Amino acid sequence: MKMDRVLLIAGLSIIALLLIMALIGPYLNSWTYYEQVLQRANESPSSQYWFGTDSLGRDLFTRVWIGLRISFMIGIIASIISVVIGTIYGAIAGYFGGLLDEIMMKLVEILYSIPFLVYVILLLLIMEPGIKTIMVALVVVCWLGTARIVRGEIVRLKEMDFILAAYSIGANYWRIIFYHLIPSAIGPIIVMVTVTIPEIILAEAVLSFLGLGISTPKASLGFLINEGFQSIRSYPYQLFFPAVLLTLSMLGFNMLADGLRRILDPSVNK
Amino acid sequence: MRYLIRKVSSSLITLFVIITLTFILIHSIPGSPFETGKRLPDAIAQNLNYKYQLDAPLGEQYLNYLKGLSKGDLGSSIKQENRTVNSIIRDGFPISALLGISSILIALSFGIMLGCITAIYRNKWLDMGVSLFTTLGISIPGFVLAGLLVQMFAVKLQWFPPALWHGPISMILPVIALSLLPMAIITRLIKASLFDVLGQNYMQTARAKGLPYSKVVFKHGLRNSLFPVLSYLGPAVAAIVTGSFIIESIFSIPGMGKWFVISVINRDYTVVVGLTIFYSTLLICINIIVDIAYAILDPRVKVWDRGIIK
């Protein structure tokens, strides 16, 4: 089997497995993610607590899947929103060209050249903490890459004959952009979604790790890792499980993105 | 030369936009930065506002801020007395820079080496192994890796100190944790572009002239495949800056990244803004240097660049 197929299938199966577990995992045993049994804090993995308990006696198995669910949710929703914004922005800049294009892309370039996590942190300081805020802050910085890629595609595509044909039968620019140009650029756009998801999951994990993300009792993977770090010496398993899940989800999405890119983008050498 | 002037001036505009943006953002926060839950007596609040010039109209504050920045004064902390952003940078930057530069150098040397080896030998298993390494390197988050390293080498084996900053031995683990991601990306870039370059006609010409293979690869091949790595250097520095926030906090290294995180948690706005501007300036400078290096190494770039801007 070719390398790209292997990557694609392996990535997809990892993600599918994690997604299923994120959906059903919290209900597989009788514990809830917020119930505290203080007498049984910091218990090692056993037949009763499959992944052990945390410092407040909450079941880590349930918490880990809830955390994965929240991380996935933030990653998928935020990346789809940011890719949609980036696509529309890039398509408008690429189609109209000229001064508008230059100003719009200059803005992207300026925003692109600044360390983006620093700005997310700045945004988080200003806005109310919470899941929505994190998503907004991440979307604000994550659409830039898509805007660049889509603009490049549109500039290439708009010179093609089928656009001229559409124009000559009287299609207006709205129709040309949304019915002809964007559907033709769908390959790179899908790749951008799969590239952006792990980026956002990781960014969210970093923010939660720094204490800027989700607040208790809800948890994302970064938050759980942060908790695990505080007891790394005595109870390393508390760090191990969320860390492995975060790494696995990054691995899955990266492999999927890589495989898709190799298949959809002929310029990547195999 | 004109190219250089245009680059620098556009960077200055970028920097100006960044400063204005951060200023607006930070002043759009509702409430006073001195609110800590307790109500301050009005006289004290007024005095504090006076000291940090928060009572002036916004336009004047902005001008004062710009004036301070032009003199290299990034402002002072509102949470810790006698601490200025400049003093934080003075104390923290040498440490962070040492850490960052060694990470970049290690990432570059190992990345280029690994990339060359895979591109030259074209061995299926070697290729698979290196691909596995790069995929893992890109996927393992820095703080997970740091945790793993601390657990293995500091707690279990006790080869290295788990934290703090005592001489070169305590640098090893943080540098590994910081350099793995750029190392993996550089390996990929070199591998892909060297594959490409080795298939070009001029490589065959060089071989046909009778040059030894090693010379062909390193002198003609590698030089031309370094350009993608060069343009990756800007993002690499950005990755190391953001990585340093976490790594320095985990290993309690008294660098700038740790200070940044502390100020974020304490909501010390002026320090966060000052450091943000400092980081942005650093990155912009690095981008300029990369652009200049590009222009020097590849004479085609100037013509090409003019074409692409138009």
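## Ground rules

Residues are numbered from 1 along each chain as its sequence is written, while chains are lettered from A and ligands numbered from 1 in the order in which they are written. Because the model is predicted, local features need pLDDT of at least 70 and side-chain atom pairs count only at pLDDT 80 or more, whereas totals for chains, interfaces and linings use all residues.

## The two chains

Chain A has 10 helices and 0 strands, and chain B has 13 helices and 0 strands. Here helices (H or I, at least four residues) and strands (E, at least two) are DSSP runs, numbered from the N terminus.

Of the 270 residues in chain A, 49% are buried; for the 310 residues of chain B, the share is 35%. The term buried asks for 20 or more other C-beta atoms within 10 Å of a residue's own, with exposed meaning 12 or fewer and partly exposed lying in between; the C-beta atoms are placed from the backbone. Two residues are in contact if their C-beta atoms, placed from the backbone, lie within 7 Å. Among contacts with a separation of 6 or more, residues 24 or more positions apart account for 69% in chain A and 74% in chain B.

## Helix α2 of chain A and its partners

Helix α2(A) (residues 60-96) packs against helix α8(A) (residues 186-209) at an angle of about 135°, with the axes 8 Å apart. That angle makes α2(A) oblique to α8(A). Axes are lines fitted to C-alpha atoms, for helices over the stretch in contact, and angles run from 0 to 180 degrees between N-to-C directions. Angles under 35 degrees count as roughly parallel, over 145 as roughly antiparallel, 65 to 115 as roughly perpendicular and the rest as oblique. The crossing of these two helices is right-handed; the convention calls a crossing left-handed if the near helix is turned anticlockwise from the far one by less than a right angle, and right-handed if clockwise. Residues on the α2(A) side include A:S71, A:I74 and A:A78, and those they meet in α8(A) include A:I189, A:I200 and A:E204. By class, this contact has 12 nonpolar, 6 polar and 1 charged residues. For those classes, Ala, Val, Leu, Ile, Met, Phe, Trp, Tyr, Cys and Pro count as nonpolar, Asp, Glu, Lys and Arg as charged, and the others, Gly among them, as polar.

Helix α2(A) also packs with helix α3(A) (residues 98-112), at an angle of about 145° and with the axes 7 Å apart. This crossing is left-handed. A:Y89, A:A93, A:G94 and A:F96 of α2(A) face A:G98, A:L100, A:D101, A:M104 and A:M105 of α3(A) in the contact, which has 6 nonpolar, 2 polar and 1 charged residues.

## The nonpolar core

The largest nonpolar core has 139 residues, and those with the most contacts inside it are A:V120, A:I121, A:L138, A:V206 and A:I225. Such a core is a set of buried Ala, Val, Leu, Ile, Met, Phe, Trp, Tyr and Cys residues joined through C-beta atoms within 7 Å. Helix α2(A) gives the largest share of this core, 15 residues.

Leaving out residues up to four places away in sequence, A:L138 touches A:A78, A:V120, A:I200, A:A203 and A:E204.

## Where the chains meet

In the contact between the chains, 37 residues of chain B touch 31 residues of chain A. On the chain B side, the largest share, 7 residues, comes from α12(B). That side has 24 nonpolar, 11 polar and 2 charged residues.

Helix α11(B) is largely enclosed by the rest of the structure, because 8 of its 10 residues are buried. Those buried residues include B:W259, B:F260 and B:K258. Their cover includes α4 (116-126) of chain A together with α4 (85-121), α10 and α12 of chain B. After α11(B) comes B:R267, with a positive phi near 55°.

## An open helix and a buried aspartate

Just after α6(A), A:G170 has a positive phi of about 95°.

A:D258 sits in helix α10(A) (residues 237-264). With 24 C-beta neighbours inside 10 Å, A:D258 counts as buried. A:D258 and A:I24 are 234 residues apart in sequence and 28 Å apart in space, C-alpha to C-alpha.
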